[in-house]
Amino acid sequence: MPHHTASVSRPFCVSHGKRFRLRDIDPRSTGAIKSKARAAARLEKGVARLSALQEKLYAQDRWALLLIFQAMDAAGKDGAIKHVMSGINPQGCQVYSFKAPSSEELDHDFLWRTTRRLPERGRIGIFNRSYYEEVLVVRVHPELLARERMPEALVTKHVWTERFEDINALETYLGRNGVMVRKFFLHVSRAAQRERFLSRLDEPQKNWKFSTADVREREHWDAYMAAYEDMIRHTASAHAPWHVVPADHKWFARLVVADAIVAALESLDLRFPEVSADKRKDLAEARAALESE
Ligand code: ATP
Ligand code: MG
């Protein structure tokens, strides 16, 4: 069923990356949404719709949906995942957070650890960070690449382009196998990140979230933004688009994410499995038996 209101997410969906420029998307944007209250009402509807769609996805057991979240620290990945998925049946959803790789993971090719966590048919899989870290943090800090134990002859100046190719090949493969991929970059401004770090220091209940390492990463802001832009240019596609989500207003970011997921699921032919004539007969007999007890 198409939306009766204009899509909130479409203006932020990048499906052809070639001419993409990060500076064209303002992290402070709230699109056409005028107030937080209006956004909350729409988010509630989106979450309900998502819940109904997930039920069909699960019952039909053909498609899988992979949602990838990437962002700078404090951009609101965790909150977006929590709010958007609040109406989802936990049995049909798998969330994985990918941190700095373990020594076992470093001993494998770079797509190994995430491939093991791909969602089954009928499920929604969420990657909180993903193989995209391999062209982000690893690109900003080349010493991390050195730890990956690749044969020296294979690490050339083409390494990032080659990783983009490998990622694109993986995502094409997934699409052809019924795993729909949707990618979200929560685009927060450097100023908003600063405010959020300060509130993590100011508010005792938020202290646990504060990490001095995050403040150090912030010094590489421009290098990260360049890496994000290049990544989106090379890996946005019609079958696995990037959503560059303005994230200075968390309430808007959540709405964009929910809207994009609903649109993705609505584009599939989700149906409850059909009941065959034989099965209908069984059902009628079961009813008769129960009624005559
Ligand atoms: P939080 O909101 O709790 O900080 P987080 O996702 O930032 O959540 P962290 O415990 O800070 O979680 O760990 C994530 C860190 O691991 C990030 O700095 C990220 O860049 C790094 N990381 C993830 N994947 C890789 C990778 N493949 N290679 C190197 N570092 C990675
Ligand atoms: Mg962190």
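Predicted model: local features only at pLDDT ≥ 70, side-chain atom pairs only at ≥ 80, totals over all residues.
Local features need pLDDT of at least 70, side-chain atom pairs count only at pLDDT 80 or more, and totals for chains, interfaces and linings use all residues. Residues are numbered from 1 along each chain as its sequence is written, and side-chain values use heavy atoms, with hydrogens and water left out.

Helices (H or I, at least four residues) and strands (E, at least two) are DSSP runs, numbered from the N terminus. Strand 5 covers residues 179-187. Nine of its nine residues are buried, where buried means under 20% relative accessible area, exposed over 50%, and partly exposed in between (1.4 Å probe, protein chains only). In a regular strand, side chains alternate between the two faces of the sheet. In strand 5, Val179, Val181, Lys183, Phe185 and His187 point one way. Met180, Arg182, Phe184 and Leu186 point the other way.

Strand 5 has parallel partners in strand 2 and strand 6. Strands pair if DSSP finds at least two bridges between them. Eight bridges join strand 5 to strand 2 (residues 64-71). Phe184 is the bridge partner of Phe69 there. Five bridges join strand 5 to strand 6 (residues 242-246). Here His187 is partnered by Pro246.

Helix 8 spans residues 190-202. Its end C-alpha atoms lie 18 Å apart, which agrees with the 18 Å that its 13 residues should span at 1.5 Å a residue; the expected span is 1.5 Å times one less than the number of residues. Ala192, Gln193, Arg196, Phe197, Ser199 and Arg200 are buried in this helix. The face turned away carries exposed Ala191 and Asp202. Helices 9 (212-218), 10 (221-235) and 11 (250-266) are among the elements covering the buried residues. Contact means heavy atoms within 4.5 Å.

Helix 1 (residues 36-60) has 25 residues and reaches 36 Å, close to the 36 Å expected. Its buried residues include Leu43, Val47, Leu50 and Leu57. The buried residues pack against helix 2 (77-84), strand 3 (93-97), strand 4 (124-128) and helix 11. Asp61 follows helix 1 with a positive phi, near 60 degrees.

Ser9 sits in the segment before strand 1 (13-14). Its relative accessible area is 4%, so Ser9 is buried. Not counting residues up to four places away in sequence, Ser9 touches His243, Val256, Asp259 and Ala260. The Ser9 side chain makes a polar contact with the side chain of Asp259 (2.7 Å). A polar contact is a pair of N or O atoms within 3.5 Å; within protein, one must be able to donate a hydrogen and the other to accept it, and residues adjacent in sequence count only if both atoms are side-chain atoms.

Key. Chains lettered and ligands numbered in written order.
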